Amino acid sequence: MGVDLESLSEATSGAIGSLLSTTILYPLDTCKTKYQAEVRAHGQRKYRHLSDVLLEAISNGRIFSLYQGLWTKNLQSFISQFVYFYGYSYFKRLYLTKSGSKRIGTKANLVIAAVAGACTAIATQPLDTAASRMQTSAFGKSKGLWQTLTEGTWSDAFDGLGISLLLTSNPAIQYTVFDQLKQKHLAGKQNASDNSSSAKALSAFSAFVLGAVSKSIATVITYPAIRCKVMIQAADDEDDESKKKTQPKSIKTVPVVVQAIWKREGLLGFFKGLQAQILKTVLSSALLLMIKEKISRNTWVVILAVTRYLLIPTNRIKKE
């Protein structure tokens, strides 16, 4: 079976876009993750606002600790986006080929996106868990990737996998909304102009706006599950050493986390950090999609040139 060059091009441009957006926004991601991971009784919170995390890092002279886990996060982000975009692009073309349809409906798009998301979650869950633990460790006390992955059992590396599979609905909703908005936008441009080339790709601004809108919708719908996942994957509190010595490691499962949030923070606790999550994920996804749209054509040219040079057999030589 040959290489699907178009899927490879989509995957590569998406992964590069994810890598750049993750790096640019990583300090905000660290602050957001530490803020989400905290659950304490009313009036006893360490972080009352997102900015408190940043102020703690500055006051302790640990500003560069906001980047702890960056390489692990970048590795996870690159692999996950590559797997996702390749699977998403491949399954879409497979569906069109098998069904004989010219366009993919909303329901089919959701299913395809969910399947691609599930493959991504399974492939990258250990890296995702390690990145979250490194981010939520005390500033300056983050362990390396290998030590983080091997400090517990193998099953611990897959903490939150069930909820990660549930959260495949997030990118499924996001990219379905984005694709539908993109098609309508480009159709409008094509109708308004006789130059068909003007409707082949989104402008950087249009990609940014559509990416932000689609991610906002997905984030609001799935946020309670997002917060539960962060808490399950978070590193154990290292501030109270005596408590660690006298009490066993807490077991963090979905029912335990849900009960803790409900008991200590109430219904609104499930939405703690929503604004920070929207700010980070909307900017990240908008940047990712903007970068992907702008480099996808060049990526395709490079991959096609390299493939022809290496004479790799393909099942698609001409991009549709």
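# Reasoning about an all-helix predicted model

Tutor: From the N terminus on, the elements of the protein run α-α-α-α-α-α-α-α-α-α-α-α. The model is a predicted one.

Student: How many helices and how many strands does the protein have?

Tutor: The secondary structure comes to 12 helices and 0 strands. Of the 320 residues of the protein, 46% count as buried. The accessible surface comes to about 16600 Å², and 63% of this surface belongs to carbon and sulfur atoms.

Student: Why is Cys31 called buried?

Tutor: Buried means under 20% relative accessible area. Cys31 has a relative accessible area of 7%, so Cys31 is buried.

Student: What makes Cys228 count as buried?

Tutor: The cut-off is again under 20%. Cys228 stands at 4% relative accessibility and therefore counts as buried.

Student: How many disulfides are counted?

Tutor: The count comes to 0 disulfides. A disulfide would need a pair of cysteine sulfur atoms within 2.5 Å.

Student: Why is Phe64 called exposed?

Tutor: Exposed means over 50% relative accessible area. Phe64 is at 71% relative accessibility, so Phe64 counts as exposed. The place of Phe64 is in the loop between α3 (50–59) and α4. Together with Leu54, Leu55, Ile58, Ile63 and Tyr67, Phe64 forms a nonpolar patch on the surface, with about 610 Å² of accessible area in total.

Student: What makes Leu283 partly exposed?

Tutor: Partly exposed lies between the two cut-offs, under 20% for buried and over 50% for exposed. The relative accessible area of Leu283 is 27%, and therefore Leu283 is partly exposed. Leu283 is found in helix α12. Leaving aside neighbours within four places in sequence, Leu283 is in contact with Leu25, Phe208 and Ile278. Leu283 and Ser216 are 67 residues apart in sequence, and their C-alpha atoms are 9.8 Å apart in space.

Student: Which residues of the largest nonpolar core touch the most other members?

Tutor: That core has 18 residues, and Tyr84, Phe85, Tyr88, Tyr175, Leu202 and Leu289 touch the most other members. At least two residues of this core come from each of α4 (70–99), α5 (106–136), α8 (169–192), α9 (204–233) and α12 (274–310). A second, separate core of 13 residues includes Leu167, Met231, Ile232 and Phe270. In soluble globular proteins, nonpolar side chains tend to be buried together.

Student: Which residues does Phe85 contact, leaving aside its neighbours within four places in sequence?

Tutor: Phe85 is in contact with Glu10, Ala11, Gly14, Tyr175, Leu288, Leu289 and Lys292, with those neighbours left aside. Glu10 has its place in helix α1 (residues 5–24). Not counting residues up to four places away in sequence, Glu10 touches Phe85, Ser89 and Lys292. The C-alpha atoms of Glu10 and Ile295 are separated by 9.8 Å, although these residues are 285 residues apart along the chain.

Student: What share of the contacts between residues at least 6 apart in sequence joins residues at least 24 apart?

Tutor: The share is 80%.

Student: How do you know that Asp29 and Lys32 form a salt bridge?

Tutor: A side-chain nitrogen of Lys or Arg must be within 4 Å of a carboxyl oxygen of Asp or Glu. The side chains of Asp29 and Lys32 meet at 3.2 Å, N to O, so the pair is a salt bridge. Both residues lie in helix α2 (residues 26–37), 3 residues apart, about one turn of the helix. Asp29 and Lys32 are both buried.

Student: What makes the pair of Lys280 and Asp29 a salt bridge?

Tutor: The cut-off is within 4 Å, and the N to O distance for Lys280 and Asp29 is 3.8 Å, so this pair also qualifies. The pair links distant parts of the chain, with Lys280 in helix α12 and Asp29 in helix α2, 251 residues apart. Lys280 and Asp29 are both buried.

Student: Why is the pair of Arg227 and Glu265 called a salt bridge?

Tutor: The closest N and O atoms of Arg227 and Glu265 are 2.7 Å apart, which is within 4 Å, and therefore the pair is a salt bridge. Arg227 in helix α9 and Glu265 in helix α11 (residues 254–265) are 38 residues apart, and the pair links distant parts of the chain. Arg227 is buried, as is Glu265. Salt bridges that share partners join Asp29, Lys32 and Lys280 into one network. The count for the protein comes to 6 salt bridges.

Technical notes
Residues numbered from 1 in each chain as written. Predicted model: local features only at pLDDT ≥ 70, side-chain atom pairs only at ≥ 80, totals over all residues. Heavy atoms only, no water. Core = buried A, V, L, I, M, F, W, Y, C linked by side-chain atoms within 4.5 Å. Buried < 20%, exposed > 50% of the residue type's maximum accessible area, 1.4 Å probe, protein only. Helix = DSSP H or I, 4+ residues; strand = E, 2+ residues; numbered from the N terminus. Contact = heavy atoms within 4.5 Å. Patch = residues over 30% accessible without salt bridge, like charges linked within 9 Å, V, L, I, M, F, W, Y side chains within 5 Å. Areas by Shrake-Rupley, 256 points an atom, 1.4 Å probe, with all protein chains shown as cover.
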